[in-house]
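User: Please go through the labels attached to this model and say what each of them rests on.

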Amino acid sequence: MSDARTGRLPASPTIHGRIVRLTHWLNALAFLILLLSGWKIYNASPVFAFRLPSELTLGGWLGGALLWHFAAMWLLALNGLLYLGHGFLCGHFRRKLWPVSPAAVWADIRAAFSGRLAHDDLSVYNAAQRAAYIALILGITLLALSGLAIWKPVQLAPLVQLFGGFDTARVVHFVAMALTLAVTAVHVLMVVLVPRTLLAMLIGRLPTVRSPQ
Amino acid sequence: MIKLKMGERFAALRNREIASLERRLFLRQGLSMGALSLLAGCNVTDEVGVENALRKISSWNDTVQAKLFDPKRLVEEYPASAIVRPFPFNAFYDEDGIPAVSAADFSLELAGLIRERKPWSLAELYALPQVTQTTRHICVEGWSAVGQWSGTPLRHFLERVGADTSARYVGFKCADDYYTSIDMATALHPQTLMAFRQDGDVLPAPNGFPLKIRVPTKLGFKNPKHVRAIFVTNEYPGGYWEDQGYNWFAGL
């Protein structure tokens, strides 16, 4: 369908704005660096009775991993603040992530497993997506807070107490990593299953396709 | 409980072997970004540039941490029941490398911006006023252990020997060739101790006989053992691990 006066195709609607796309990819980069360097740091003194695969880790040795970790934390934090500020102040969260009810999430998850979940309009998140993105926001916030507690257990002593002590804060940091990674894995799987969502997050909209007459 | 601790200790030893091997690889291959460059689909060739950038961010983190450091904030003290026994041994060498320091021959050398630089014998040091603290030692590797140390606040000693407390750094040289340095604000913190005793006894050899600087506001590698010289300076002195890439301020 083309515009009657100009004969041009109408611009396809924006699915993801510039700030969302920018912060999404910077967050992905920061998370990847923190994840892989964090695994190396974990291996230096494992909290649990296992080590993470060393060949996947980043940094070469503990000192290198720490350099990466404490550099990428700035990217994660500053980018995260930009995203949260945009989300709360510009109404992005209210428009995109709200409302979300457990019943709707459950219905959408069931629909997804039976292959009936529609993705007609990528600019509207279904309930399962909303729940997943809220879980990621909370997971990364928990990672940042528990990370701060481990980094500064003396200067931020009240935060450490909130987590129940230094050693518990380490466990929280690890568990938050595992949960956030699990949600991220599902997220990436869904992108593989519906690849045009990747295009939307890269260029903001889907390319207009001239439908054959 | 003790079995677990011993297990941790062996794990720590094994870690060190792995760490030293990995460190050599690190120095040869830069930051070995294998996994990341694989995922990013690019070959990061300028690894020296990347390492320089990361080290710059690390010095920026030093600046931030110095600002975050509250010289009046005290570290949490624990009840005696929380003390970990035996206290973990950790160094850049195995236990057979622990230096044998002779109490009779020991003398603490002073250098740099200090007015009275005469060496101190162990008897003279032991005669200084002492306090006791039960605090958590946190290792850069992630493990932590509560221990009890007794000794003289470093602040008291620095003032006594006429150190220039407006200088930037206090450095330490050790009998095992370890060396490190801390900022003056931390050196003057009331809980930074010249520890001569641990857990009621003379400091055991594995834990730093005869003198360990106990800095509960910093990571374990900023708590030098077997200290044989203290110096005050305005020139960045670095440290054994810091020169290899550990963050210098390493504040808790």
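Analyst: Helices and strands here are DSSP runs numbered from the N terminus: a helix is H or I over at least four residues, a strand is E over at least two. The model is predicted, so local features need pLDDT of at least 70 and side-chain atom pairs count only at pLDDT 80 or more, while totals for chains, interfaces and linings use all residues. Residues are numbered from 1 along each chain as its sequence is written, and chains are lettered from A and ligands numbered from 1 in the order in which they are written. By the DSSP runs, chain B comes to 6 helices and 10 strands.

User: Where is Ala250(B) found, and what makes it count as buried?

Analyst: Ala250(B) is in the segment after strand 10 of chain B. A residue is buried if 20 or more other C-beta atoms, placed from the backbone, lie within 10 Å of its own; with 12 or fewer the residue is exposed, and in between it is partly exposed. Ala250(B) has 25 C-beta neighbours inside 10 Å and therefore counts as buried. Its phi is positive, about 45°, although Ala250(B) is not a glycine. For chain B as a whole, 37% of the 252 residues count as buried.

User: Why does Asp177(B) count as exposed?

Analyst: Asp177(B) has 11 C-beta neighbours inside 10 Å, so it counts as exposed. Asp177(B) sits in the loop between strand 5 and strand 6 of chain B. Those strands form a hairpin with 4 residues between them, in which Asp177(B) takes a positive phi near 70°. That is a positive value in a residue other than glycine.

User: How do you know that strand 5 of chain B and strand 6 of chain B pair?

Analyst: Two strands pair if DSSP finds at least two bridges between them. Strand 5 and strand 6 of chain B have 5 bridges, in the antiparallel sense.

User: What makes the pairing of the open sheet mixed, and which strands are its edge strands?

Analyst: The open sheet has 5 strands in the order 2-1-10-5-6 of chain B, with mixed pairing. The edge strands are strand 2 (120–121) and strand 6 (179–183) of chain B, since each pairs on one side only. As for the parallel part, strand 1 (residues 107–112) and strand 10 (residues 227–233) of chain B run parallel, joined by 4 bridges. Within that pair, Glu109(B) has Ala229(B) as its bridge partner, and Gly112(B) stands opposite Val232(B).

User: How do you know that the peptide bond from Phe209(B) to Pro210(B) is cis?

Analyst: Omega of that bond is near 0°. Pro210(B) lies in the loop between strand 8 (201–202) and strand 9 (212–214) of chain B. Another cis peptide bond joins Arg85(B) and Pro86(B), with omega about -5°. Pro86(B) is placed in the loop between helix 3 and strand 1 of chain B.

User: Why does the span of helix 7 of chain A agree with its number of residues?

Analyst: The expected span is 1.5 Å times one less than the number of residues. For the 28 residues of helix 7 (residues 166–193) of chain A this should be 40 Å, and the end C-alpha atoms are 41 Å apart, which agrees. Among the buried residues of helix 7 of chain A are Phe166(A), Val172(A), His173(A) and Met177(A).

User: How many residues does the contact take from each of chain A and chain B?

Analyst: A contact means that the C-beta atoms of two residues, placed from the backbone, lie within 7 Å. On that basis the contact takes 38 residues from chain B and 27 residues from chain A. Helix 1 of chain B gives the largest share of chain B's side, 7 residues.
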